[in-house]
Amino acid sequence: MKVAVAGCCHGALDKMYETLELLQRRHNVRPDLLLCCGDFQAVRNEADLRCMAVPAKYRHMQTFYRYYSGEKKAPVLTVFIGGNHEASNHLQELPYGGWVAPNIYYLGYAGVVRFRGVRIGGISGIFKSHDYRKGHFECPPYNEQTIRSAYHVRNIEVFKLKQLKRPIDIFMSHDWPRSIYHYGNKKQLLKMKSFFRQEVESNTLGSPAASELLQHLKPSYWFSAHLHVKFAAFMQHETNSKEELPKATKFLALDKCLPHRDFLQIIDVEHDPSAGDSLEYDAEWIAVLKATNSLVNVTQSSWNMPEKNGLHAKWDYSATEEAIKEVLEELNHNLKIPCNFTLTAACYDPSKPQKNMEPVHTINPQTTEFCAQFGLTDINDRIQQAKEEGSGRGDYEEEEEEEEMDSTGSAEEPSEYNTDNSGLSSFNPDEIMLDEEGGDEDLSTCSVDPSPDHPPDFSTSFSDIRIMPDSMAVSSDDAMDSNNEDLEKSGVSKQGEEKSSTERPLKRIGADENGNSGIKKIKRRNQAIYAAEDEDK
């Protein structure tokens, strides 16, 4: 089957789908599935804009709300992961995944699904070591810290994925696996992005957690985005035994979604012709979720996952064949994911803007149903309970401050990783940078500028689409894939999310109450990422 893969969408759904339609008209190629590698921006209304970690100037409604309201429907099944510029309050409603709109499915904090027999996994967010060992404690209204920590990868999600034993066909992450650049045309990459050099040479560019997953899962394909540059690599994995067959991963990083950018890729993936056209649960993944349910943590305290070090009675949470069989029996061998999308927030109305709309913590019926069906903990319900119990004791603030002080790790509980680079330390004019100390941008305001009803015609330029060659292999610095020839020549920076003020407790806000986000300021460092036109020369 044909699979389309997109990089950072930034809410430009109309452009993505129009480009796919253009692909069909010009080349008679119709993808069966669209995968998006983060920064999807499923923004429903003005409150969602306030929960997106970008300076206010770049908070535009874009076009997702039209798909959320039912005005439009995605013409192809779309599966996406979260990035670091998202409506975090919306995605937080679906920690185990779910429909954000008809035909548009979010994989959750981490997830695995099947489509036509193809096994697709992913992990949302970006890596930051200072939040990696915390639980999912954030909830709206967010403050200066939690609006960013909400999208930081947690060790429990990596731990769950590492319990998988069966082969993965496709995996998605927003930030790149660390070291992957050594398996592609590094020379060409540094020619296009010279400011990557320091991180590449010190091997600190990318996510160490994603690298760990890459080595463990060994998927056939791995797709990423985040750095706004097209890059292909081929990684041959080491075998653990003589009996194990050699495995290799074709890696591809996609550019961002802008006119004249090479942001879409089409690949041919072997599938099961007898499988249906519905998105399906993965039985092994459900079994892993059930096995690891006791490990769910919604506090800021740092903790390590169980491992075979003499400190834990149990460290193997992988799914047994018996557990997988039980899942299949629970579902009567019908793995089809129900189309149970539900509106949980008011949809943006261009004729009636509500710039003062405040975000609230919402429990999504999809998550409630999913947790009830498989006996799992509803993370958002647990968060609300923790807030209420802490507020009732009157000592929640002090407890949270103590946990935050310990969150950087200690001699007794060292972090798994000794560095904290999920992106870049170099300045990059093609990306925004969030200043930890505050600045001249007020996060409590938002600019609501919906995309025009008649978007520009992209038919005159078809550089947005590439058909994947038979092999993405790049075996040496002199063998760069020709798709990289039109890479942007501007720079990118992914830092500015390290230090912030101590977390303060947030009171639960009901659906009928107005909350105060407590968010002050984030400083704008550049203006390129959300530009309406491509400025590359």
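**Stop one: a hairpin**

Select strand β4 (residues 98–101) and strand β5 (residues 104–106): the two pair in the antiparallel sense over three bridges. Helices (H or I, at least four residues) and strands (E, at least two) are DSSP runs, numbered from the N terminus. Two strands pair if DSSP finds at least two bridges between them. Click on G98 and find its bridge partner in β5, Y106.

This is a predicted model, in which local features need pLDDT of at least 70 and side-chain atom pairs count only at pLDDT 80 or more, while totals for chains, interfaces and linings use all residues. Residues are numbered from 1 along each chain as its sequence is written, and side-chain values use heavy atoms, with hydrogens and water left out.

Now look at the turn. β4 and β5 form a hairpin with two residues between them. N103 in this turn has a positive phi of about 70 degrees. Is N103 buried, exposed or partly exposed? Its relative accessibility is 23%, so N103 counts as partly exposed. The cut-offs are under 20% relative accessible area for buried, over 50% for exposed, and in between for partly exposed (1.4 Å probe, protein chains only).

Show what surrounds N103. Leaving aside neighbours within four places in sequence, N103 is in contact (heavy atoms within 4.5 Å) with K73, A74, P75, V76, L77 and T78. Then pick F341. It lies 238 residues from N103 along the chain, yet their C-alpha atoms are separated by 9.1 Å.

**Stop two: the seven-strand sheet**

Select the open sheet with the order β10-β11-β9-β8-β7-β6-β13; its pairing is mixed. β10 (231–236) and β13 (279–281) stand at the edges, each with a single partner strand, so one side of each has no neighbour in the sheet. From one strand to the next, the twist averages 25 degrees.

β10 and strand β11 (residues 248–253) pair in the antiparallel sense over six bridges. Here F234 stands opposite K250 in β11.

Axes are lines fitted to C-alpha atoms, for helices over the stretch in contact, and angles run from 0 to 180 degrees between N-to-C directions.

**Stop three: around α11**

How many of the nine residues of α11 are buried? Seven are, so the helix is mostly covered. Colour A283, E284, W285, I286, A287, V288 and L289 to see them. They pack against β6, β7, α7 (155–161), β13, α12 and α13 (365–374).

Select helix α12 (residues 321–330) too. α11 and α12 pack at an angle of about 105 degrees, with their axes 8 Å apart. The two helices are therefore roughly perpendicular (65 to 115 degrees) to each other. Residues in this contact include I286 and A287 of α11, and I324 and V327 of α12.

**Stop four: the core**

A nonpolar core is a set of buried Ala, Val, Leu, Ile, Met, Phe, Trp, Tyr and Cys residues joined through side-chain atoms within 4.5 Å. The largest has 115 residues, and M16, L34, F40 and I104 touch the most other members. α11 gives the most to this core, with six residues.

Finish on L34. Among the residues it touches are V5, M16, L20, V79 and L264.

Key:
Angles under 35 degrees count as roughly parallel, over 145 as roughly antiparallel, 65 to 115 as roughly perpendicular and the rest as oblique.
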